[in-house]
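Student: I would like to go through some of the terms used for this structure and ask what stands behind each.

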Amino acid sequence: MNKIKLIPLALAAFMFSACSSEDTENGGGGNNNVDVSYLSVNIQNVGEAMSRAEGDVYEDGTPNESNINNVRFYFFNADGSPYLLQKNDPKDTDKNWMTVDKPTDGTKNDEKPNVTKLTEAILVINGENKVAPHSVVAVINSTSLSNNLDSKLGNGALSLSDLRNVQDTLFYDAKETKNFVMANSIYMTKDGKEEYAVPVSGHVAIDPEVAKTNPIDIYVERVAAKVTTTCDTKKGWNIGTETWNNGKWTYQLKDKIFNNNVFVVVDGWSVADANRRANVEKVISTTWDKDLLGIDPWTTGDYHRCFWETSVPFEGDNKVLNKSFKNISSAIADGVVYTQPNTPVKTGDFADKMENSLTKVIVAAHLWYKDEAGVAHRAEICKYKGIQYLSKEDVLTVVANENKSKYFKKTTTTDSEGHNVDVYTSISKDDLTFATSAPEGGSATLKDYEVIPQFKSDAEIYDADHKSVNVADANKALAIDANKAQVRREGRVYYYTPIQHLGTEEAKLGYYGVVRNHSYKINIQDVSGFGTPVYNPDKVIDPTLPEEENIYLAARIKVLSWRVVNSNVNLDSNKKK
């Protein structure tokens, strides 16, 4: 079994104004008249979790992912109220926290293969109360973000309950992917209680050197989760070497419509339906168990971990976060995407596993096809009234033919005697285009992947009696549900799959979801179908499967914690049942 590697962050000795006799007896010789006492704290970052398929597999964070610029320590009384620190000036704000900047690098503890010590620091503080605090919480890198998490934490005192309710929208520097916010690892103790703040009892001494030999261990974890992708070469993926797919991951579709001559060429990937917000402190429940979650173990005191959490719900201004097609651009294999925790509340939240608010991996691609001469072209595979076409021009030709007796265009020629003569001919595809929404007065209701045929804005059209027709009125007539089309303009499509977690049964709550400090490794295997059409690359994508079309993206999911989880995913047909 490969054990988790915990990433320790700081060794801190804290000086308090006085402590109880119970605490000073530990290494302090029982001297109850001393003015100060010391508390040594060892901060360690928990690593990632065990694999569903391969046993316990964990992964250290990169230097950027593990970097610590500062630590904010919060101190609490036994009832969770703030343990107020001594003020330097009576005008100062009451507070129960203090910070230490850039701890000194430490050394690895070889006796703990699941722990890698990164930093050590000694902090000296004076407590206003004449007793030691009951417990302590650490928040890391709160001052290092561009949006400054400190502004959410505030300058005053926070109770434990208040701290657990703090939320924010960013827990790392997105541009440089560093300065990850970390907080206490929350889990269930062996006696069934939540471990939120770490008790200090038994670790306070009157001598700093003695205190350092008996430190408190504060285990912390990153608030963000990590996602990476690969394409499985054993399943037919390869990196293109021709002009049209050079350097891009390419997969040959096994379709009967176009005789296996259609190829998926990946432009990039990202996550979709991501959560905008997250709690600084993980939220868990004492009512969870392995039968509900399908994760065994779902929590472990030995690793100081809980492998599930309650994420911030999608309500109010917290809407799912999505991108436009052209912004889905992370590179396969090399690209890393970080995202906020997003877990379902009940299994009914993913009754339809493709249309829900679960966080998904989304792949942007172009379709290509080869003609009989082996020349590659963009495959604008379209669907109109149940029939597949190879280009939008083909669809527009069909629409024009459907309306050839209804709409006409006029040209003026000169007859043999030199007179101007108006000639009326049926409209053609060149008079038409597509719109992503129906005009005012049109009855069609379009989904994100659908378009509707419309006349071009500069078109001049006439009816069968050669009377001028208002283009707006003609467009209303065309904008009916029966005329909706699917157009993969210039071959643009996307595929997606919900991210699986550690649960082993799809009916269990923990089968899908994104949990903090886990690394989800998606190995894309088989692709079936032509993907969801993209007409406008600037429009934000709300992941949706087109109706009556078989689209599959098979993926093997690995969750590292940066813990590893493996699973095979074969997406079902999107047809409604």
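**Terms and their grounds**

Tutor: Take Ser 135 to begin with: its relative accessible area is 4%. The model is a predicted one.

Student: Why is Ser 135 called buried?

Tutor: Buried means under 20% relative accessible area. Ser 135 has 4%, so it is buried. The residue is found in strand 9, residues 135-140.

Student: Which residues does Ser 135 touch, leaving out those up to four places away in sequence?

Tutor: Tyr 74, Phe 75, Phe 76 and Asn 77, and also Ala 197, Val 198, Pro 199 and Val 200. Contact here means heavy atoms within 4.5 Å.

Student: How do you know that strand 29 and strand 30 pair?

Tutor: Pairing requires at least two bridges found by DSSP. Strand 29 (residues 408-414) and strand 30 (residues 420-426) have seven bridges, in the antiparallel sense. One of the bridge partners is Val 421 in strand 30, which faces Thr 413 as its partner. Five residues lie between the strands of this hairpin, where Gly 418 takes a positive phi near 85 degrees.

Student: What makes strand 27 and strand 35 a pair?

Tutor: The same test: at least two bridges are needed. Strand 27 (residues 382-384) and strand 35 (residues 485-487) have three, antiparallel. Lys 383 has Gln 486 of strand 35 as its bridge partner.

Student: What is the strand order in the open sheet of five strands?

Tutor: The order is 28-27-35-32-31, with antiparallel pairing. Strand 28 (387-389) and strand 31 (432-435) each have a single partner strand, so they stand at the edges and one side of each is left without a neighbour in the sheet. On average, neighbouring strands of this sheet are turned by 40 degrees against each other, direction ignored.

Student: What does helix 7 touch in the sheet?

Tutor: Helix 7 (residues 392-402) packs on the sheet and touches strand 27, strand 28, strand 31, strand 32 (450-455) and strand 35. Its direction makes about 110 degrees with that of strand 31. Helix 8 (residues 471-478) lies across strand 31 and strand 32, at about 145 degrees to strand 32.

Student: Which residues have the most contacts inside the largest nonpolar core?

Tutor: Leu 253 and Leu 367, in a core of 47 residues. Strands that each supply at least two residues of this core include strand 20 (262-272) and strand 25 (360-370). Among the residues that Leu 253 touches are Val 262, Val 264, Leu 367 and Tyr 495. Another core, of 24 residues, lies apart from the largest one, with Phe 73, Leu 85, Val 136 and Ile 140 among its members.

Conventions. Residues numbered from 1 in each chain as written. Predicted model: local features only at pLDDT ≥ 70, side-chain atom pairs only at ≥ 80, totals over all residues. Heavy atoms only, no water. Helix = DSSP H or I, 4+ residues; strand = E, 2+ residues; numbered from the N terminus. Axes fitted to C-alpha atoms, helices over the stretch in contact; angles between N-to-C directions. Core = buried A, V, L, I, M, F, W, Y, C linked by side-chain atoms within 4.5 Å. Buried < 20%, exposed > 50% of the residue type's maximum accessible area, 1.4 Å probe, protein only.
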